[in-house]
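User: I am new to this structure. Please walk me through some strands and disulfides.

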Amino acid sequence: MRHKFSTCAFAAIALLLVGCGDGGGGVSSSSTASNVQAITVEAGPANTTNTLFTSVTVCVPGGSDCRTIDHVLVDTGSSGLRIMASELPASFVLPQLTDSGGDPLVECTQFADGYTWGPVKSADVKIAGEQAAAVPIQMIGDPGFAAVPASCSSTGPAENTVAAFGANGVLGVGVFMQDCGSICAVSAIPGFYYACPVSGCQETTASLERQATNPVGLFANDNNGVIVELPAVPDAGAATVTGALVFGIGTQTNNGLGAAQVFKVRPDTGRFVTAYNNQTYTDSLLDSGSSAYFFADNNIAVCDPSDPYAPGFYCPPSTQDLSAAINGTNGASATLGFSVANAHALVNDNPGNVAFNNLAAPEVLPGGFIWGLPAFFGRNVYTAIEQQNTSAGLGPYVAF
Amino acid sequence: MKTRSHVMPLILLMTRCLPAMLLIATMAPRGASATLGGAMASVEADQQVMNASQQITANNAAYTVYELQTAAGTKIREYVSSAGTVFAVAWDGPSLPDLRQLFGSYFAQYTEAAAAARRGHGHLVIRLPELIVESSGHMRAFFGRAYLPKTLPQDVTLSDIR
């Protein structure tokens, strides 16, 4: 209950300070601007490390019946809003979207570590002072669609509860507008979208307008991207870190690019190139939803697979100070320094701390170099949405 | 409209060795893949279940690699030892493959271990005595591999499985 208390206390303080009555449910940490939403790294509902949370308000479209869900994962590596049905009362009913044949549209969302299953519903989404109307969102674990088709459950373990998923939902604010994109609009692919009449579910196509959609791209204002702003953390980590999720890039006085460097990313995968140790990694990503740096380096010792704290993470005898270069498809390049601590010692020696800037693990993707949440501490990281215009041209790109 | 995906026309993929090309030319066009740990005898099962096209991409003394491509564009490589056993599978592409089909009897172990070993939604590493699974990526760009460490042929290194 600790996290619930702190969220409430925080909201109460913010209300006192700014007298905010916009109904958006947002809380501003560093500013009273309507495009600023508080974000927090803390243990959260599943006691996890390096997990970035925020609150999101969903409403019946066009109505005033709204609910605010706390501890929603902020993920620049995915697109679309997904909420655990368990976090909403059964009496709160959002309209069900249908496929082109008129049957209920239900989604199987694939993650590398499992899948979420649930209907696509329509909701007005409010975050800070921003609003998006009739956004397709996924309601994970909705009891109305309890039976999971075999072609969905065949992709891995289920993550349809707060405990299994590690959060009350996920706010995907990545570079894409939709989670799947055009391939799901033209092909009925196993493991993505399903039409689910009472007789059972079958793979179906889902037009772009019906796919789970990045709510930021549908905001009335400040809709071309986000900035994740997190302060630096000490080498021993922190129990709680508070920052800001700022909406829009170059649309307000508080979200300009300033001196930030723009790195265009591949339009099909959202990836860019990282150069490390004289090797080129072509599947690189700035991902607030990944808890660590993930990259391959055979010279760094790995914690025991059965380590109780950090199984399989990097465990060098002493902290390694490293650097790697990010290269955008536009030719922009920047070298970033980062540290890799002994993950076992880090967790063992700092009980209660769950925000670390020096946690790393081996990457299995041959071309993968993932700049996870540790890379976000002490930076303002911009994520520009595909096909949206910004002061630095069209997305998709990342900048910092 | 509820359409099932259709078999894509066989797409000629980059092949790494000439013998493989020759084999394709001379082999009957039958699927040649099987479940992890299974025998070659269960040919065509994976290909049919996943509506995939299929092709040999490597063939040497230690093993043969059969590459499938699903309708979604995900490539699956199955590593078959010279004794005829599937000892590894790897995949990359926009969607995850049918892991229940690929893992066979190991799928239940995999899902149970995965639920206990979470480290964020972009990565998964499972290390059991008989099964190693490494999975990475996000929708539109996944990669992963699984292998049976006790059945790896002698001349195979892990960097070969990708």
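**Strands and disulfides**

Analyst: Six of the seven residues in strand S3 (residues 75-81) of chain B are buried, so the strand is mostly covered. Buried means under 20% relative accessible area, exposed over 50%, partly exposed in between (1.4 Å probe, protein chains only). Strands (E, at least two residues) and helices (H or I, at least four) are DSSP runs, numbered from the N terminus. This is a predicted model: local features need pLDDT of at least 70, side-chain atom pairs count only at pLDDT 80 or more, and totals for chains, interfaces and linings use all residues. Residues are numbered from 1 along each chain as its sequence is written, chains are lettered from A and ligands numbered from 1 in the order written, and side-chain values use heavy atoms, without hydrogens and water.

User: Which residue is the bridge partner of B:Tyr63 in S3(B)?

Analyst: Strands pair if DSSP finds at least two bridges between them. Strand S2 (residues 63-69) of chain B pairs with S3(B) in the antiparallel sense, over seven bridges. The partner of B:Tyr63 is B:Ser81.

User: Is A:Cys201 buried or partly exposed?

Analyst: A:Cys201 forms a disulfide (cysteine sulfur atoms within 2.5 Å) with A:Cys196, at 2.1 Å. A:Cys196 has 5% relative accessibility, so A:Cys196 counts as buried. A:Cys201 has 30%, so A:Cys201 counts as partly exposed.

User: How many disulfides are there over all chains?

Analyst: One of them joins A:Cys303 to A:Cys315, S to S 2.0 Å. Another links A:Cys108 and A:Cys152, S to S 2.2 Å. Over all chains, the count is five.
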